[in-house]
Amino acid sequence: MSRILIADPLDPSGLELLKASGVELHQLTAEERPRLAEVIADYDALVVRSMTQVTAELLAAGKKLKVVGRAGIGVDNVDVEAATERGILVVNAPTANLMSATEHTFALLLAVARNVPAADASMKAGVWDRKSFLGVELQGKTLGVIGFGRIGQRVAARARGFEMQVVAFDPFLDEQAARRLEVELLSIEALLARADVVTLHTPLTEQTRNLLSKERIAGMKPGALLVNCGRGGVVDEEALLAALESGKLGGAGLDVFSEEPPKDLRLVRHPKVVATPHIGAQTREAQERISKETAEMLLAALAGSLSVAAVNLPFRPTGGRVEPYLALAERLGKMAGQLLESAPQQLGVELWGIEEAHRVPVSVAALKGVLSNFLGEGVNYVNADRIAESRGIQVVRSTHSGSGDYPHLIGVRLTGGGKSVELDGTLFGDRDPRVVRFGGFRLEFRPEGKLLVLENRDMPGVVGRLGTLLGEAGVNIADIHLARREEEPGGGAMALAVLRLDQNPPDEVVTRLLAIPEVRSAHRVDLGRR
């Protein structure tokens, strides 16, 4: 039974989902919080919001930790790099608060444009002062969206309802995609010079920290309004304060800050600023969606599914159709690693007829299979690439448009120590994994269970002696698969036998097999059950 630690408050809807799944659930108490590093040691999963800092030290203390669930979009408080190094999956709820953040962007924009908070405070003070609250209309103005992702696109759609013109800056959006989304793509400098309103929807990274720097704020249109419901730290707050003081900017709506809660309140208290305490996702609907989505992602991740919103998988989550191919690739990699019997130096993964979205996951699965022979459960889809890189293993992936004899085929080529292993596999009936080529041999068998792989000169009596040796050792043969091919000219034929056994043959049997003059190699392979 998986054990999950809830470190920060979570909406009851998600907690109910977790409880109904049968996991063991524990909510961190105030008394336990100072001992979090001690408490976490016995848990498989950790759920946090923004209050708990998931540092490298905390991750190291979570000796059994497999998954960290961040209830929300941002993962600024999670050391994703350290989690990746440890093979810990980091999942979040990337779509749960899209609408809430979108609507809060407009709440702040309208509040700034029409001086709503100041007018409300004046009324509550018993003052009727219409002249002091001259606002601006949005109709006909240009909105500049920095970060044209899911929230940015939703903001743009609603801005058009206000009859605003929309321009965008996003370094990951190409011109073709921009045309499809009906937005004019500009450089950040050109956007700032043209926009009457600028709204930010980018994550906080080293590249986006102080993205709106002193120099870029100086390049903004005089009297422009700024809204930030994205991430604190993206705006140089000292430069923003100076621009508001000088009259360069007409106002700002801020829901996020570089330090939360901010100790320096000069910006928050500025008369041209409407400030809220990071409440972009604070709606009843969003909190329920965040809680449920995080719980669902967490449970799926613990169950081994890759169709999760993970921030540190080396590929995008894919649909269920990829799962059988992942299982096949992993078994091919695992078998190749056991047959090589030396340190791998290069893994080649060749793909025929595999969908583009599945190619990287399938390659990572093959690598995971290879590495698992040496590292066991310490390697997974999260850290396989990192481990290979640290050990100097080169991974080469190639794709082919033609599928040859099979609609879908995965080829694994593992080399190291002057040796190489080549295996090709496919799926029968879209679910049943089979090896269909083994080096130069064409034969078919399921890559599962305890296998004995024997290569020998094609001479009478070898298979008989093999059966006798296994029988004398009390090892039962479940099934046997045979193939042969011609060797070099004049070298005679070679045969390959792949036997599925009910028991692993002892070392003595393998030694006696290798002593037979016709036998070139004998390998034990244990792939477990499907």
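Helices (H or I, at least four residues) and strands (E, at least two) are DSSP runs, numbered from the N terminus. The model is predicted: local features need pLDDT of at least 70, side-chain atom pairs count only at pLDDT 80 or more, and totals for chains, interfaces and linings use all residues. Residues are numbered from 1 along each chain as its sequence is written, and side-chain values use heavy atoms, without hydrogens and water.

The second largest cavity takes the largest share of its lining, 3 residues, from α5. Both α5 and β9 (197-200) supply at least two lining residues each. A cavity is a set of points on a 1 Å grid over the protein atoms alone where a 1.4 Å probe fits but cannot get out; lining residues have an atom within 4 Å of a point. A volume is the space filled by probe spheres set on the points, which are joined across faces, edges and corners. There are 2 cavities of 30 Å³ or more.

| Cavity | Volume | Lining residues |
|---|---|---|
| Largest | about 50 Å³ | N228, G233, V235, E237, L240, L254, V256 and L267 |

Helix α5 (residues 98-113) and helix α7 (residues 150-161) have axes, lines fitted to C-alpha atoms over the stretch in contact, that come within 9 Å and cross at roughly 50 degrees. In contact (heavy atoms within 4.5 Å), L98, M99, A101, T102, T105 and F106 of α5 meet R150, I151, R154, V155, R158 and A159 of α7.

Key: Axes are lines fitted to C-alpha atoms, for helices over the stretch in contact, and angles run from 0 to 180 degrees between N-to-C directions. On a 1 Å grid over the protein atoms alone, a cavity is a set of points where a 1.4 Å probe fits but cannot get out, and a pocket is an open set with protein on both sides within 12 Å along at least five of seven lines; lining residues have an atom within 4 Å of a point.
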